[in-house]
Amino acid sequence: MKLIPTQVPLKNHRAQAAPCRSARRLARLAVVIGLTSAPLLGADEPAPAKFHGTDVTGYQLDYGFALKDTAGRELKIADFKGKVVYFFFGFTQCPVICPTALTRAAEIKRLLGADGEKLQVVFVTIDPERDTPEVLRSYAAAFDPSFLGLSTDPEKLKALSRSFKFTYSKVQTGSSYTMDHSTASYVFDPSGKIRLILRHEAPAADCADDIRKLLQEKTN
Amino acid sequence: MKPKYLIPLYFLATALAHSEVEVTAPWVRATVPNQKASGAFMELKSKNACKLVSASSLVAKTVEIHEMVMEGEVMKMRQIKSLDLPGDTTVKLSPAGYHVMLIGLKEQLKEGQVVELKLTFEKPGGELETMDVKAVVRPLANTGRGEGTMKH
C-alpha cells in the first residue's frame, strides 16, 4: 500500500484548531485500510494481512531530518541502521496517553526477549519549550534505560509533522497549556525505511509480533 | 499490581468509606525531576448525585479536573468545570478519560510517596463537602489499566 503524501501548507500551526488536512487524510486512510483489508483479503486471497499495524511500506517520508539527543548530538534515522526504530511523539507533562504509550513500548521490548536489543524506542517531544534535555532524558529512561528522548526546534518539528503526518497543537487550558496530538507510533525497519503505523490501542503483543517480522526480514 | 500496594490501598480506601462519596484506589503518577505536571486517578462513587467541583494539593500550584478525549487518533485534553457523579454509580478517573491534573508541581513525586489531595463535592442543593484523599504514587511507567478497579 502506497501512501502519496500531499503537502498542505500550515498557515498558523499553533492557532490551528483542526489538524492539518493531509494528516486527517492519512488517519482516514489508515482506518480504511484497517477496516477493509482483512475482509477483502479473506474473500479473494487466502493470505492474511502481513502485519497487525498499518503497513505504510513505500511511503515517501522525508528522510533528511535530524533530531537532537539530550546531549545535543544530532541523530538521523540512518544512525540506527540494523535496528527497528519506534517513534512516538508526545510531551512529558501528559499524564495519560504518553506514559501509556511508552509503557506499551517497554512491554513490546520485553516481549521481544533477546531481540529487544534490536529495538530502539525514540520519544520525540512536541513540547520543546517545557521538555528540557534533563527532563527528557530522565523521562524516557524511566520507561526503559535504552529509550531515547529527542527534540528539535519548533520550525523543524512542524516540517517533521508534515512529513510524518502527525498533528500537534498547543491549547490553553485553565492555568497552563496542554498539547493535542496524534497518538500513533511509527516503526522503521532495520534498513531505515518507514514501514508501519501502530495504533495507540493496539496490544503490545501484536506490536511485538510486527516488529519481530521486520527484524526477521533482514536475515531472510 | 505489585503486592506491596495492597495494604496501603486497603487502608486508604476504607478510611474514607463513611463519607457521602467513596474514593477507591487513588493514585498519582510518579514524575522525574523537574517534570512540572502529573495526574491523579481514582474511582468515585457517591451515595447520592453530586459533582466534583474542585481539587487542591500542597504538592502543586494548581489542581484542575480534566477530561481526555480521543478524536480519531488525536488526543485532546481539556479542563472541565465539574465532574458529575450520578448517585450510586462508579465514575472512573483513569488515564483513559477523566483525571485530576496536578500542575506546577513543587517537588518530584516518587514511587511509594503519599500525595494528599483535597476534593470538593457539590450536592444538588449547593452544599459543599470537602474530602481529604491520600493517593499513593505509582511508577511513571504504568498504564493504569485494571489498577483502579480494586474493590475491598
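Which residues does A:Val96 touch, not counting residues up to four places away in sequence? I began my notebook with this contact list, and I keep in mind throughout that the model is predicted.

**Entry 1: A:Val96**

I looked up the contacts and found that A:Val96 touches B:Arg29, B:Phe41, B:Met68, B:Met75, B:Met77, B:Ser94, B:Pro95 and B:His99, once residues up to four places away in sequence are set aside. I then located A:Val96 in the loop between β4 and α2 of chain A. Its relative accessibility is 0%, and because buried means under 20%, A:Val96 counts as buried. I also checked one distance, and from C-alpha to C-alpha A:Val96 and A:Thr132 are 20 Å apart in space, while 36 residues separate them in sequence.

**Entry 2: helix α3 of chain A**

Next I went through helix α3 of chain A, residues 133–143, and listed its buried residues as A:Val135, A:Leu136, A:Tyr139, A:Ala140 and A:Phe143. These residues lie on the same side of α3(A), because they cover an arc of only 115° around the axis. I asked what covers the buried residues of α3(A), and I noted that the cover includes α2 (97–111), β5 (119–125) and β6 (148–150) of chain A.

**Entry 3: aromatic pairs**

I counted the aromatic pairs next, and the structure holds 16 of them over all chains. One of them joins A:Phe89 and A:Tyr186 in an edge-to-face arrangement, with 5.8 Å from centre to centre and 75° between the planes. This pair links distant parts of the chain, since A:Phe89 sits in strand β4 (residues 84–90) of chain A and A:Tyr186 in strand β9 (residues 185–188) of chain A, 97 residues apart. Both partners are buried, A:Phe89 at 2% relative accessibility and A:Tyr186 at 2% as well.

A second pair that I wrote down is A:Phe123 with A:Tyr139, which is tilted, with 5.4 Å from centre to centre and 40° between the planes. A:Phe123 belongs to strand β5 of chain A and A:Tyr139 to helix α3 of chain A, so the pair ties together parts that are 16 residues apart in sequence. Here too I looked up the burial, and A:Phe123 counts as buried at 1% relative accessibility, while A:Tyr139 counts as buried at 0%.

**Entry 4: charges over A:Tyr177**

Which residues lie over the face of A:Tyr177? I found A:Arg130 there, at 3.6 Å from the ring centre, and I found A:Lys170 over the face of A:Tyr177 too, at 4.2 Å from the ring centre.

**Entry 5: positive phi in chain B**

B:Ala25 has a phi near 45°, and its place is in strand β1 (residues 21–29) of chain B. B:Asp88 has a phi of about 55°, and I found B:Asp88 in the loop between β6 (83–85) and β7 (90–93) of chain B.

How values were computed. Residues are numbered from 1 along each chain as its sequence is written. Chains are lettered from A and ligands numbered from 1 in the order in which they are written. This is a predicted model: local features need pLDDT of at least 70, side-chain atom pairs count only at pLDDT 80 or more; totals for chains, interfaces and linings use all residues. Side-chain values use heavy atoms; hydrogens and water are left out. Buried means under 20% relative accessible area, exposed over 50%, partly exposed in between (1.4 Å probe, protein chains only). Helices (H or I, at least four residues) and strands (E, at least two) are DSSP runs, numbered from the N terminus. The arc is that of the directions from the helix axis to the C-beta atoms. Contact means heavy atoms within 4.5 Å. Rings of Phe, Tyr and Trp (its six-membered ring) pair if their centres lie within 6.5 Å; planes under 30 degrees apart count as stacked, over 60 as edge-to-face and the rest as tilted. A charge sits over a ring if NZ of Lys or CZ of Arg is within 6 Å of the ring centre and within 35 degrees of the ring normal.
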